[in-house]
Amino acid sequence: MSDVSKGEIIISRTYPTIGLDLETVVQPGLFNYPLANGEKAALLANRCRSCGRTFFPKRSLCPECFVDGEMEEVKLDTRGIIYSTTVVTVPSPAGIKPPYAYGYVDLPANNVRVFALFAGADPRTFVPGQEVDLVVEPIMVNKQGQKVIGYKFRKVL
């Protein structure tokens, strides 16, 4: 959490008259948010202390060795390589406007494959093998008018 007394900027905003947040995250615990000034977003995963396997999203029990209580939280690397991608040309049931691209990104530093939306370029230009970097930004506006914040990957230029 940010501390304004230390000069940090809080990104989250609230409607002052009704107390409704202007933004909300797609699912708490997937990534660090809100971000302090200069803080870089990271996906939050966990790793089994017994077998060393990393999971995103987090698991409460390792499905590899079934040892309970051995999971530790880790931040994933923000750079990855597109494993596969597709372009969607119809609106999503959640309200994401087409066209948009999504797919799987391999994070070699963590040996994890992540499912994600792609952003920042023509959706048709994302191809397997491209290097991408994590960003946290709005993915849609919900029925209450709040920006729903999610994670995406952008091409590394």
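Which residue in β4 is the bridge partner of Asn46? The bridge partner of Asn46 in β4 is Glu73. This structure is a predicted model, in which local features need pLDDT of at least 70, side-chain atom pairs count only at pLDDT 80 or more, and totals for chains, interfaces and linings use all residues. Residues are numbered from 1 along each chain as its sequence is written, and side-chain values use heavy atoms, with hydrogens and water left out.

**The three-stranded sheet**

- Three strands form an open sheet in the order β3-β2-β4, with antiparallel pairing; two strands pair if DSSP finds at least two bridges between them.
- The edges are held by β3 (54–55) and β4 (71–75), each of which has a single partner strand, so one side of each is left without a neighbour in the sheet.
- Strands (E, at least two residues) are DSSP runs, numbered from the N terminus.
- Strands of a sheet pair through backbone hydrogen bonds, either parallel or antiparallel.

**Strand β2 and its partners**

- Strand β2 (residues 44–48) runs antiparallel to β4 and is joined to β4 by five bridges.
- Between β2 and β3 there are two bridges, again in the antiparallel sense.
- Arg47 has a bridge partner in each of these strands: Glu72 in β4 and Thr54 in β3.
- The hairpin of β2 and β3 has five residues between the strands, and Gly52 takes a positive phi near 85° there.
- Four of the five residues of β2 are buried, so this strand is largely enclosed by the rest of the structure; buried means under 20% relative accessible area, computed with a 1.4 Å probe on protein chains only.

**Aromatic pairs**

- Rings of Phe, Tyr and Trp (its six-membered ring) pair if their centres lie within 6.5 Å; planes under 30 degrees apart count as stacked, over 60 as edge-to-face and the rest as tilted.
- By this rule the model contains seven aromatic pairs.
- One of them joins Phe56 and Tyr151, whose ring centres are 5.6 Å apart and whose planes stand at 80°, so the pair is edge-to-face.
- This pair links distant parts of the chain, as Phe56 lies in the loop between β3 and β4 and Tyr151 in strand β9 (residues 147–155), 95 residues apart.
- Phe56 and Tyr151 are both buried.
- A cluster linked by ring pairs comprises Phe31, Tyr33, Phe56 and Tyr151.

**Charges over rings**

- A charge sits over a ring if NZ of Lys or CZ of Arg is within 6 Å of the ring centre and within 35 degrees of the ring normal.
- Arg113 places its charged end over the ring of Tyr83, 3.4 Å from the ring centre.
- Lys155 lies over the face of Phe126, at 5.2 Å from the ring centre.

Definitions and conventions
Buried < 20%, exposed > 50% of the residue type's maximum accessible area, 1.4 Å probe, protein only.
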